[in-house]
Amino acid sequence: MWLHMDCVNPIGLKFEHDGIVSDAAERWHWYPSAADIKVIHYAWSEPHGKRLISETTLEEFLAVGSSARVVNARCRFSPLEVVKRARSQLGRADYNVLGRNCQHFGSWCYEGAAFSREVFKYGVIGTSFGLVVSIVGIIAIGMARASW
């Protein structure tokens, strides 16, 4: 399952965060706890001082924003293959807001191509700065697609 969340950083800027549900504990009965669900996403690593693709609890995933929702995306792969693809990236530390962010990761796991709605949206709607971001984003997307 691909999760998407709207967030606001400490200085008030809005951003989006995505992750892949990798494990739902079998001990669930009817009402699972957020501590029982595992999510693979770019998470801040204090020891490393940077973002790494990590497997955390849903509780930790939700700590950076408000409630999450499921992305209704066309999936090229089986659920097991999506999780296998996500796990193959664990420990990856090359986060880049324009070319390798959590949305690129989620779309690559689900659709086979790295794409960021956020980079596209802010690049297209923005002013001349947005045009620069868009051009850099397109170049970065091309590089990300080639290297994921």
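1. A disulfide is a pair of cysteine sulfur atoms within 2.5 Å. By that rule, the structure holds zero disulfides. Take Cys109: its sulfur is 9.6 Å from the closest cysteine sulfur, in Cys75, and that is too far for a bond. Cys109 is also buried, with a relative accessible area of 0%. Buried means under 20% relative accessible area, exposed means over 50%, and partly exposed is in between (1.4 Å probe, protein chains only). Cys102 counts as buried too, at 4% relative accessibility.

2. Some ground rules for the model. It is predicted: local features need pLDDT of at least 70, side-chain atom pairs count only at pLDDT 80 or more, and totals for chains, interfaces and linings use all residues. Residues are numbered from 1 along each chain as its sequence is written, and side-chain values use heavy atoms, with hydrogens and water left out.

3. Now the overall layout. The chain has five helices and five strands. Helices (H or I, at least four residues) and strands (E, at least two) are DSSP runs, numbered from the N terminus. Along the sequence, the order is β-β-β-β-α-β-α-α-α-α. The chain has 148 residues, and 41% of them count as buried.

4. Next, the aromatic rings. How many aromatic pairs does a search of the whole structure find? The search finds two. Rings of Phe, Tyr and Trp (its six-membered ring) pair if their centres lie within 6.5 Å; planes under 30 degrees apart count as stacked, over 60 as edge-to-face and the rest as tilted. Tyr42 and Tyr95 have ring centres 5.1 Å apart and planes at 75 degrees, so this pair is edge-to-face. The pair links distant parts of the chain, 53 residues apart. Tyr42 sits in strand β3 (residues 37-45), while Tyr95 is in the loop between α2 (79-87) and α3 (102-111).

5. Tyr42 also pairs with Phe105. This aromatic pair is edge-to-face as well, at 6.5 Å centre to centre with 70 degrees between the planes. Tyr42 lies in strand β3 and Phe105 in helix α3, so the pair ties together parts that are 63 residues apart in sequence. Taken together, Tyr42, Tyr95 and Phe105 form one aromatic cluster.

6. Phe105 counts as buried, at 0%. Tyr95 counts as partly exposed, at 33%.

7. Two arginines are placed over rings. A charge sits over a ring if NZ of Lys or CZ of Arg is within 6 Å of the ring centre and within 35 degrees of the ring normal. Arg51 lies over the face of Tyr95, at 5.2 Å from the ring centre. Arg85 lies over the face of Trp108, at 3.9 Å from the ring centre.

8. Arg51 comes up again with Arg92. The C-alpha atoms of these two are separated by 8.5 Å, although they are 41 residues apart along the chain. Arg92 is in the loop between α2 and α3. Arg92 is buried, with a relative accessible area of 18%.

9. What of the helices on either side of that loop? α2 and α3 pack at an angle of about 140 degrees, with their axes 8 Å apart. That makes α2 oblique to α3. Axes are lines fitted to C-alpha atoms, for helices over the stretch in contact, and angles run from 0 to 180 degrees between N-to-C directions. Angles under 35 degrees count as roughly parallel, over 145 as roughly antiparallel, 65 to 115 as roughly perpendicular and the rest as oblique. The crossing of α2 past α3 is right-handed. A crossing is right-handed if the near helix is turned clockwise from the far one by less than a right angle, and left-handed if anticlockwise.

10. Finally, two strand residues. Glu16 is in strand β2 (residues 14-24) and counts as buried, at 12% relative accessibility. Glu16 and Cys102 are 86 residues apart along the chain, with C-alpha atoms separated by 8.5 Å. Leu3 belongs to strand β1 (residues 2-8) and is buried, with a relative accessible area of 7%. Leu3 and Asp18 are 15 residues apart in sequence and 5.5 Å apart in space, C-alpha to C-alpha.
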